[in-house]
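Here is a short briefing to read with the model open beside you. Take it one topic at a time and follow along in the viewer.

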Amino acid sequence: MKTRLLAVLAVTTTGLICAAAGPAMARPVALGSAMIHPDQPTAADQPTAAATVSPSPTPTPAPTPTTPATPAPVPTGTPTFASDFSGKSLNTSIWATCYPWMDVPSGCTNFGNADEQEWYLPSQDQVSGGVLHLVAQPVATQGTNAEGQPETYQCRSGMVTTLPSFSFEYGVVQVVARIPSTAGLWSGLWMLASDEIWPPEIDMFERWGPPSPGLSETFHPDDYEVVSADPTTGNLATGWHTFTLQWTPTSLTWWIDGQEDLTTDLDIPAQEMYFLADLADYSMSSPKSCQGSLLIQSVKIWQAAGVTPAMSPSPTATPTPTPTATPTSTATPTPTVGSNVAPAVQPASAFTAVPTSTPPSAPASIPGQNN
């Protein structure tokens with residue numbers, strides 16, 4: 001998240017515009033029915049009327065064929081991961097309140113992005129009425145800088161992640177949320193690699209309030225070439241909206257309220273990732289900056305059938321001596337379930353739930369750039 005568009009794909013009334021401003025050209029993507037078809041047939045030419053004959057009726061042009069948008073997936077079975085935020089406090093056995101490389105009670109921020117001006121605190125993750133409130137407030141808050149020295153932040157806010165409780169590879173993510181549009185706020189629903197190496201990064205959406213309002217869906221693949229779209233949608237701060245991402249071994253596809261916005265089939269991650277939600281602040285220039293809440297009603301993840309989280313190998317068994325003092329052979333460790341196993345591509349209806357398991361501990365290294 002948090003890297004403003006290096007390559008932008010914008011849908012206009014005339015079709016798809018592709019512009020590149022990074023180290024390589026923008027990636028080809030299909031935006032559902034908004035894709036331009038250069039070979040579309042045109043209406044038949046009008047016949048010429050004879051001098052003594054009434055002109056023939058103008059023929060009705062044939063409708064221009066379009067590529068239908070893929071409907072949002074409707075997964076079957078019980079979600080592999082589900083949180084509806086019941087109760088009166090955040091379930092910290094499921095949700096962590098900081099980045100995994102900086103998960104401390106005193107809070108954290110994203111040192112990988114200089115635009116962020118907030119300090120995240122667990123107290124800003126509030127649950128009430130079946131809704132998670134990530135609350136931003138313009139309150140001076142003591143934190144640290146990237147060197148670990150004390151620093152005061154003028155904005156405090158909240159974030160949550162599913163690591164270390166849950167990570168997955170391939171499936172459908174569905175989040176029901178209400179997005180603030182107030183000054184300076186920077187909301188995001190996104191995914192990072194469980195091994196804490198950046199990239200890849202998958203941004204289900206990012207929303208910026210004034211002074212630079214905008215909305216984007218972005219994919220940062222391993223080769224650093226960015227795929228992104230600026231979807232057009234209604235007021236996300238009014239009512240509840242459903243954000244859906246389908247991740248298969250061959251594609252990534254984004255929907256907002258059932259409308260497909262972006263799909264790509266290049267450089268698809270083949271590794272475990274975890275989910276994050278945060279409410280950052282990128283501009284404290286307005287007196288009303290850092291005031292608002294990102295509301296999340298539910299987070300559900302259906303992991304693709306046949307793919308389970310990686311597990312550590314079983315320990316090697318200790319040989320037991322026989323009566324003749326001849327030891328038995330050493331037991332062979334149970335093979336590690338690889339996180340890059342790519343099953344055959346399955347339709348959305350095949351994304352049924354599979355049992356979860358606790359992923360291995362993440363390495364201590366901190367990504368050089370995490371969003």
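The torsion about the S-S bond of Cys98 and Cys108 is about -105°, so this disulfide is left-handed. Their sulfur atoms sit 2.5 Å apart, where a disulfide is defined as a pair of cysteine sulfur atoms within 2.5 Å. Please keep in mind that this is a predicted model, in which local features need pLDDT of at least 70 and side-chain atom pairs count only at pLDDT 80 or more, while totals for chains, interfaces and linings use all residues. Residues are numbered from 1 along each chain as its sequence is written, and side-chain values use heavy atoms, with hydrogens and water left out.

**Disulfides**

- A disulfide is a covalent bond between the sulfur atoms of two cysteines.
- By the distance rule, the count comes to two disulfides.
- Cys98 and Cys108 both lie in the loop between β3 (81-83) and β4 (118-120), so their bond ties together parts that are 10 residues apart in sequence. Strands here are DSSP runs (E, at least two residues) and helices are DSSP runs too (H or I, at least four), numbered from the N terminus.
- Cys98 is buried, with a relative accessible area of 0%, and Cys108 also counts as buried at 0%. Buried means under 20% relative accessible area, exposed means over 50%, and partly exposed lies in between (1.4 Å probe, protein chains only).
- The other bond links Cys155 and Cys290, with sulfur atoms 2.0 Å apart.
- Cys155 lies in strand β9 (residues 155-157) and Cys290 in the loop between β19 (273-281) and β20 (292-303), so this pair ties together parts that are 135 residues apart in sequence.
- The link of Cys155 and Cys290 is right-handed, with 75° about the S-S bond.
- Cys155 is buried at 0% relative accessibility, and Cys290 is buried with a relative accessible area of 0%.
- With the bonded cysteines of the protein chain numbered in sequence order, the pairing reads 1-2, 3-4.

**Around Pro138**

- Pro138 sits in the loop between β6 (131-136) and β7 (141-144).
- This proline is partly exposed, with a relative accessible area of 43%.
- Leaving aside neighbours within four places in sequence, Pro138 is in contact (heavy atoms within 4.5 Å) with Gln154, Ser289, Cys290 and Gln291.
- Pro138 and Lys288 are 150 residues apart in sequence, yet their C-alpha atoms are 8.4 Å apart in space.

**Nonpolar cores and a buried threonine**

- A nonpolar core is a set of buried Ala, Val, Leu, Ile, Met, Phe, Trp, Tyr and Cys residues joined through side-chain atoms within 4.5 Å.
- The largest nonpolar core has 47 residues, of which Val173, Val175, Leu189, Phe243, Phe275 and Ile296 touch the most other members.
- Thr162 lies in the loop between β10 (159-161) and β11 (171-178) and is buried, with a relative accessible area of 0%.
- Not counting residues up to four places away in sequence, Thr162 touches Phe81, Ile94, Trp95, Tyr274 and Phe275.

**Strands and sheets**

- The protein chain has zero helices and 20 strands.
- Two strands count as paired if DSSP finds at least two bridges between them.
- An open sheet of six strands has the order β10-β19-β12-β13-β14-β15, with antiparallel pairing.
- At the edges of this sheet stand β10 and β15 (227-229), each with a single partner strand, so one side of each is left without a neighbour in the sheet.
- Six bridges join β13 (residues 201-208) to β14 (residues 214-220), which run antiparallel; Asp203 has Thr218 in β14 as its bridge partner.
- β17 (residues 252-256) and β18 pair in the antiparallel sense over five bridges, and Leu252 has Thr264 in β18 as its bridge partner.
- β17 and β18 form a hairpin with two residues between them, and Asp257 in the turn has a positive phi of about 50°.
- Strand β18 (residues 259-264) is mostly covered, with five of its six residues buried.

**Whole chain**

- Of the 371 residues of the protein chain, 44% count as buried.
- Among contacts between residues at least 6 apart in sequence, 68% join residues at least 24 apart.
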